[in-house]
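Work through the following exercises with the sequence and the model at hand, and try each task before reading its solution.

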Amino acid sequence: MLRIAVLVSGGGTNLQALLDAKARGEIPHGEFVRVIASRPDAYALTRAANAGIEGVVVSRKSFASQQAYDDALLDALRACRAQLVVLAGFLSILGPAVIAAYRDRILNIHPALIPSFCGKGYYGLRVHEAALARGVKVTGATVHLVNEIPDGGPILLQKAVEVQPGDTPETLQRRVMEQAEWVLLPRAVEQQCALWEDRLQNPEFKLQIV
Ligand code: GRF
């Protein structure tokens with residue numbers, strides 16, 4: 001099984017979807033070994049504790065530079081020998097050192113159909129505010145690999161969700177989470193774990209534990 005670290009910042013509903021999927025036997029090729037929160041008050045840490053998974057805080061505010069923050073994240077990933085990294089509502093920026101160390105092994109869930117409503121400044125409710133302002137009739141969620149371009153990495157899975165008359169950013173966010181995010185992220189994590197397990201059979205793909 002691949003060792004998975006989940007990076008969080010807030011309520012952790014996407015983390016909960018991962019943990020529930022694991023409990024249902026839907027992620028046989030991966031095991032969650034650590035939750036890393038960018039804020040000490042992230043309720044995601046409570047969800048991790050309830051599931052018996054170690055939670056640590058690596059707070060962006062505690063570091064003077066992006067490089068120092070990246071180094072601390074790498075230390076936290078190294079300490080649990082993470083092989084796959086999942087950003088689940090993670091709101092801090094990952095610097096080039098982390099992205100390079102986990103090239104093609106970092107997944108992110110974005111609450112829109114990339115390339116719509118993505119990139120710098122598009123996160124959380126702002127994504128749904130922009131979708132409603134534009135008047136789209138369909139939105140959704142995307143799971144993609146993380147590279148140096150914000151929300152710019154290869155798309156893995158997408159799922160469409162209808163915008164309904166009278167939707168507010170909050171009602172739309174909830175529907176996108178329930179109907180798309182919480183469905184796609186576990187599926188993408190299992191797919192990537194199975195893919196890397198297969199690759200690991202080939203000595204050329206020796207995963208470098210950073
Ligand atoms: C939500 O806006 C979700 O759409 C996005 O991150 C935010 C918090 O997610 N992926 P979570 O409840 O912390 O997983």
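**Exercise 1: fold and overall form**

Task: In which order do the elements of the protein chain run from the N terminus on?

Solution: In this predicted model, the order along the protein chain, read from the N terminus, is β-α-β-α-β-α-β-α-β-α-β-β-α. The radius of gyration is 17 Å, close to the 17 Å that the globule rule gives for 210 residues, so the protein chain is as compact as a globular protein of that length. As a next step, tally the secondary structure, which comes to six helices and seven strands. The C-alpha trace, followed along its principal axes, spans about 50 × 40 × 35 Å.

**Exercise 2: contacts and surface**

Solution: Turning to contacts between residues at least 6 apart in sequence, 66% of them join residues at least 24 apart. The accessible surface comes to about 9900 Å², and carbon and sulfur atoms hold 53% of that area. Finally, the 22 positive and 21 negative charges have mean positions that are 2 Å apart.

**Exercise 3: one residue in its setting**

Task: Is Gln192 buried or exposed, and which residues is Gln192 in contact with, leaving aside its neighbours within four places in sequence?

Solution: Begin by locating Gln192, which lies in helix H6, spanning residues 169–199. Its relative accessibility is 8%, and because buried means under 20%, Gln192 counts as buried. With neighbours within four places in sequence left aside, Gln192 is in contact with Leu84, Asp104, Leu107, Leu145 and Leu156.

Definitions and conventions:
Residues numbered from 1 in each chain as written. Predicted model: local features only at pLDDT ≥ 70, side-chain atom pairs only at ≥ 80, totals over all residues. Heavy atoms only, no water. Helix = DSSP H or I, 4+ residues; strand = E, 2+ residues; numbered from the N terminus. Rg over C-alpha atoms; globule rule 2.2 N^0.38 Å. Contact = heavy atoms within 4.5 Å. Areas by Shrake-Rupley, 256 points an atom, 1.4 Å probe, with all protein chains shown as cover. Lys, Arg positive; Asp, Glu negative; His and termini not counted. Charge placed at Lys NZ, Arg CZ, Asp CG, Glu CD. Buried < 20%, exposed > 50% of the residue type's maximum accessible area, 1.4 Å probe, protein only.
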